[in-house]
Amino acid sequence: MMKETRREFGCASLLLSMSSGRSSGPNLMPPLIIGDDTVYYYHDMIVEMIKWGYQEGKTLFGFGYDFRQSNRLSETLDRFSKKLESVYTASGGKKINLITHSMGGLLVKCFISLHSDTFEKYVKSWIAIAAPFQGAPGYITTSLLNGMSFVEGWESRFFISKWCMQQLLLECPSIYELLANPNFQWKDIPLLQIWRENLDNSGKKSALLESYEPEEAIMMIKEALSSNEIIADGMHIPVPLNLDILNWAKETYDLLCSTKLPESVKFYNIYGIDYDTPHTVCYGSEQHPVSSLSSLLYAQGKYVYVDGDGSVPAESAKADGFNAVARVGVAADHRGIVCSRRVFRIVQHWLHAGEPDPFYDPLSDYVILPTLYEIEKHREKHGDVTSVAEDWEIISPNDGKTLRPGELPPMVSTLTTSREGKEGALEEAQATVVVHPEKKGRQHVQVRAVGVSHGG
């Protein structure tokens, strides 16, 4: 994988897989590790999948690409198409299970839009993890205006300042494609906020807070960068916002918005939650307003956070635009999510790999094991009676969490309802749920229900 920054978007490889019958073992593909040999981005996931029966180079393969380029670059998509074809052929015509992380999800979505028939021919299912489907507004805005720093520990390998990174990112199409999608109907609208210095007719200064939605924000960024330049060998070289790349990115937005998933392909989405994630960026303050937009390049923006994985807002990652089989939020950061034990359990369950537990519920992360189911019907003098009894054991993961402490008494809840049925018949029902305290990671749940139908 490419070396990573705090924003994590540089690591945009794809983890591909091909499906087969469980008896012959699963077939999934790992990433190509590109760059420094000490970076093992998918290492934990690969190790886990090998335990499920995958074999590197035989049933486990990967695909890597230049993260700086556009997600719809024809050369990359052509290589991806050839990769799908080669794996499909090598597997004897077995369709592929595909796993992507982060920006890899955008690349695949672009591929579907431009090569839908090829995708449908070779792919059985796609699991997208932490994909910025509608962008990553907070970090990308500050990256364009102020650059980015590499995470702690990489300084010895990168002698690149935030300013130098900013000049490089201004020429990276993929960064523009991670701006907030202006076509998306945001629930929490990402804003660029600027405390602007204002002079009245008497020359008295005041501060005014201006807020710009995504399309307006791009115009402010453009103006702020209009005089940006680098000096090399005595030459002043302009480095403004690249309008050609910006227009290309807008076309990418349109492409992503129109993508239709082939009906034969199953889609799953895992996204990160419970981490403060930059969304809106504010420059200046009421006490120290901004006098000119060009000064934003030397200012420190303050973030307004939303829920997400620390890099991609959950709202963006969830908005895939597809008819997903399932979407699951996992408490993990953007990079750590591909090392999450819960994600491993979910992926194993969805791929039917190894020996998955048929009673595992990815949404709750609990195993719900039915232990009793009885139904009885009989007729009494005043009507028909139906009684149902169900028992479950809920088994929690071995991570120290408890569902309901053992020292508490059972929880009991009862619901009663009635309605008038056909031809004046009266129908009544009562259900009682008993949730017992947890013991040794297991929680017993009982449901008892009785329905009575009185003749009209």
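This is a predicted model: local features need pLDDT of at least 70, side-chain atom pairs count only at pLDDT 80 or more; totals for chains, interfaces and linings use all residues.
1. Main core. The largest nonpolar core comprises 65 residues. Those with the most contacts inside this core are Phe119, Trp126, Leu144 and Leu241. Apart from residues up to four places away in sequence, Phe119 touches Leu98, Val108, Phe111, Ile112, Trp126, Leu261, Pro262 and Val265.

2. Second core. A separate core of 27 residues is also present, and its members include Ile129, Ala130, Ala332 and Val347. In soluble globular proteins, nonpolar side chains tend to be buried together.

3. Salt bridges overall. Seven salt bridges are found when the whole structure is searched. Three of them are taken up below, among them the pair of Glu48 and Arg341.

4. Glu48 and Arg341. The closest N and O atoms of this salt bridge are 3.0 Å apart. Glu48 belongs to helix α1 (residues 43–51) and Arg341 to helix α11 (residues 341–351), so the bridge ties together parts that are 293 residues apart in sequence. Glu48 counts as buried because its relative accessibility is 11%, under the 20% limit. Arg341, with a relative accessible area of 48%, is partly exposed.

5. Arg327 and Asp320. These side chains meet in a salt bridge with an N to O distance of 2.7 Å. Asp320 is buried, its relative accessible area being 0%, whereas Arg327 is partly exposed at 34% relative accessibility. Elsewhere, salt bridges with shared partners join Glu48, Lys51 and Arg341 into one network.

6. Glu197 and Lys205. In this salt bridge the closest N and O atoms are 4.0 Å apart. Glu197 is partly exposed, at 32% relative accessibility. Lys205 has 57% relative accessibility and therefore counts as exposed, the limit being over 50%.

7. Ser174. Which backbone oxygen does the side chain of serine 174 reach at 2.7 Å? That of Phe67; the backbone oxygen of Arg68 is also reached by the Ser174 side chain, at 3.3 Å. Ser174 sits in helix α7 (residues 173–176) and is buried, with 3% relative accessibility. Leaving out residues up to four places away in sequence, Ser174 touches Phe67, Arg68, Gln69, Ser70 and Met103.

Key. Residues are numbered from 1 along each chain as its sequence is written. Side-chain values use heavy atoms; hydrogens and water are left out. A nonpolar core is a set of buried Ala, Val, Leu, Ile, Met, Phe, Trp, Tyr and Cys residues joined through side-chain atoms within 4.5 Å. Buried means under 20% relative accessible area, exposed over 50%, partly exposed in between (1.4 Å probe, protein chains only). Contact means heavy atoms within 4.5 Å. Helices (H or I, at least four residues) and strands (E, at least two) are DSSP runs, numbered from the N terminus. A polar contact is a pair of N or O atoms within 3.5 Å; within protein, one must be able to donate a hydrogen and the other to accept it, and residues adjacent in sequence count only if both atoms are side-chain atoms.
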